[in-house]
Amino acid sequence: MSSPPVARTPRLPSLAPAGPSAPAPAVPPGIRLPRLLLRATATASAVLGLAQTVLAGSFLNGHYEALRAHELAAMALGGLLLAQLPVAALVRRGGGAGGARGPWWPLGATALLLAALGAQMGTGYERAVGVHVTLGVLLVSGLLFGLVGAWRPAPASAPVPVPALSPSSDTEPVAEAPAESESESGSEPESGSVAGSGTGDGGSGRLPRPTGPGADAVEVTP
């Protein structure tokens, strides 16, 4: 006889109650300090950039004494951007989540703003008002974008991927029980045939009447 078929049922995962979540690790001071310094320098640079627009408008309105303040503010802005360069390098070196490398944009943006400020001051001393005003608008826009980026929260660390479970390890063989309906349906005709052969005449309870020579001498009782 052949063995009954074997079915593979999935193994249910354990429903153990989850424990309390571990608190997030604190950011080391060595990583937090460069970001704080970057926010401070970016905020001061953006404030000076907005002040430059006010001083330039005041000079164009006829207040010529504002030109000296406009020049001094440009020098102060250059000093702030120079101080922001090493800060941006520190952020790039280890200002990411969990001590990883930080973003590259603070270093690149600071260097680009320094180059734009140098061109801006050169066109101002050359009295190229059209180019000076255009560069000033672009410079202030870059300072504001740098301010928004510096105050943006640091991205969280990437979650650890969970390996997929293979189907072979999640299932276990389970033998199926033989179907009762098939065994019962197969046993009924056999019992009927035995009963019919033992009782004779289709199970009427009478023995078959003998035939052949001498059959009249045999008396059959029910």
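Visitor: How do H2 and H3 pack, and at what angle?
Guide: In this predicted model, helix H2 (residues 66-94) packs with helix H3 (residues 105-125) at an angle of about 160°. Their axes are 8 Å apart.

Visitor: Is that roughly parallel or roughly antiparallel?
Guide: Roughly antiparallel, because angles over 145 degrees count that way, and that goes for H2 with H3.

Visitor: And which hand does the crossing of H2 and H3 have?
Guide: H2 passes H3 in a left-handed crossing.

Visitor: Which residues make the contact?
Guide: On H2, they include Ala74, Leu77, Gly78, Leu81 and Ala88. On H3, among them are Pro106, Thr110, Leu113, Leu117 and Tyr125.

Visitor: What about the classes, how many are nonpolar, polar or charged?
Guide: The contact of H2 with H3 has 17 nonpolar residues, three polar ones and one charged one.

Visitor: Okay, new topic. What makes up the largest nonpolar core?
Guide: Seven residues in all: Leu77, Leu81, Leu113, Leu114, Leu117, Leu139 and Leu143.

Visitor: Which helices supply this core?
Guide: H2, H3 and helix H4 (129-150) each supply at least two residues. H3 gives the most, with three residues.

Visitor: Say I click on leucine 113. What does it touch?
Guide: Leaving out residues up to four places away in sequence, Leu113 touches Leu81, Leu139, Gly142 and Leu143.

Definitions and conventions
Residues numbered from 1 in each chain as written. Predicted model: local features only at pLDDT ≥ 70, side-chain atom pairs only at ≥ 80, totals over all residues. Heavy atoms only, no water. Axes fitted to C-alpha atoms, helices over the stretch in contact; angles between N-to-C directions. Helix = DSSP H or I, 4+ residues; strand = E, 2+ residues; numbered from the N terminus. Parallel < 35°, antiparallel > 145°, perpendicular 65-115°, else oblique. Left-handed = near helix turned anticlockwise from the far one by under 90°. Contact = heavy atoms within 4.5 Å. Nonpolar A, V, L, I, M, F, W, Y, C, P; charged D, E, K, R; others polar. Core = buried A, V, L, I, M, F, W, Y, C linked by side-chain atoms within 4.5 Å. Buried < 20%, exposed > 50% of the residue type's maximum accessible area, 1.4 Å probe, protein only.
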